[in-house]
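Here are a few exercises to work through with the model open in your viewer. Try each task before reading its solution.

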Amino acid sequence: MAQQLLMPKATAVWLVDNTALSFDQIAQFCKLHPLEVKAIADGESSQGIKGLDPVATGQLSREEISTAESNPEHKLKLSDPKVRVPEAKRKGPRYTPVSKRQDRPNAILWLVRNHPELKDAQISRLVGTTKSTIEQIRNRTHWNAANLTPMDPVTLGLCTQIDLDLEVERAAKNRVPTAEDQQDSMLLSARETETAESTEESGEKEIDADAVFAKLSSMKRTETDDEDDGNS
């Protein structure tokens, strides 16, 4: 992105008041019409606008101003910025090269199957597609649904692993916990724990008592049978 002058009209006000530059030079530098600069100099325009020093903002050097003052034909040039401001990321679907667009349905199918928590908007950002296409692939109504094969979008070069991990992490944070998750993560109170333990112990005792009585009954039957055999 080409560097642009900050606050052109305020800069023009400062240049008119503090330099001997011509109206044409100031107009060219500030992207204004020479008549606008003349009106500023005559006090007919930009009343109430405080001048902005381009030297203080690092957009113009003293040497550049001196050179332009000594040569009316010289055109002012912006100084190279000391800090590069990154361009704002463009919102909207990711651009996909023509050679890889045929792989997008396979990548969408892979994302739908392996990461069902991802929303359509997230899938659209990852592979650069539309929500209608995602919906068709989810419902198996896509015109080529029978021939689609799930393929990792990172392997296909449609997105980076970092982008994919970031979207998965966002989806996990935004996912509403289900009733089962809440039940699994819920801790039992001490009273409920003691009750459960006592119930288990009583159950074990009941089982042991039944086993003992059953063993005694079998022993009595055995002794009775032995006595009957002896008497006979």
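**Exercise 1.** Find which residues of α5 are buried.

*Solution.* Start with the cut-offs: buried means under 20% relative accessible area, exposed over 50%, and partly exposed in between (1.4 Å probe, protein chains only). Helices here are DSSP runs of H or I with at least four residues, strands are E runs of at least two, and both are numbered from the N terminus. Go along α5 and you'll pick out R104, P105, N106, A107, I108, L109, W110, L111 and V112. Since 9 of the 11 residues of the helix (residues 104–114) are buried, α5 is largely enclosed by the rest of the structure.

A word on the source: this is a predicted model, where local features need pLDDT of at least 70, side-chain atom pairs count only at pLDDT 80 or more, and totals for chains, interfaces and linings use all residues. Residues are numbered from 1 along each chain as its sequence is written, and side-chain values use heavy atoms, with hydrogens and water left out.

**Exercise 2.** Work out what covers the buried residues of α5.

*Solution.* Look for contacts, meaning heavy atoms within 4.5 Å. The cover includes α6 (120–127), α7 (131–138), α8 (153–156) and α9 (161–174).

**Exercise 3.** Now take α7: which residues are buried, and what do they pack against?

*Solution.* First, T133, I134 and I137 are the buried ones. Finally, step just past α7: R140 has a positive phi of about 60°.
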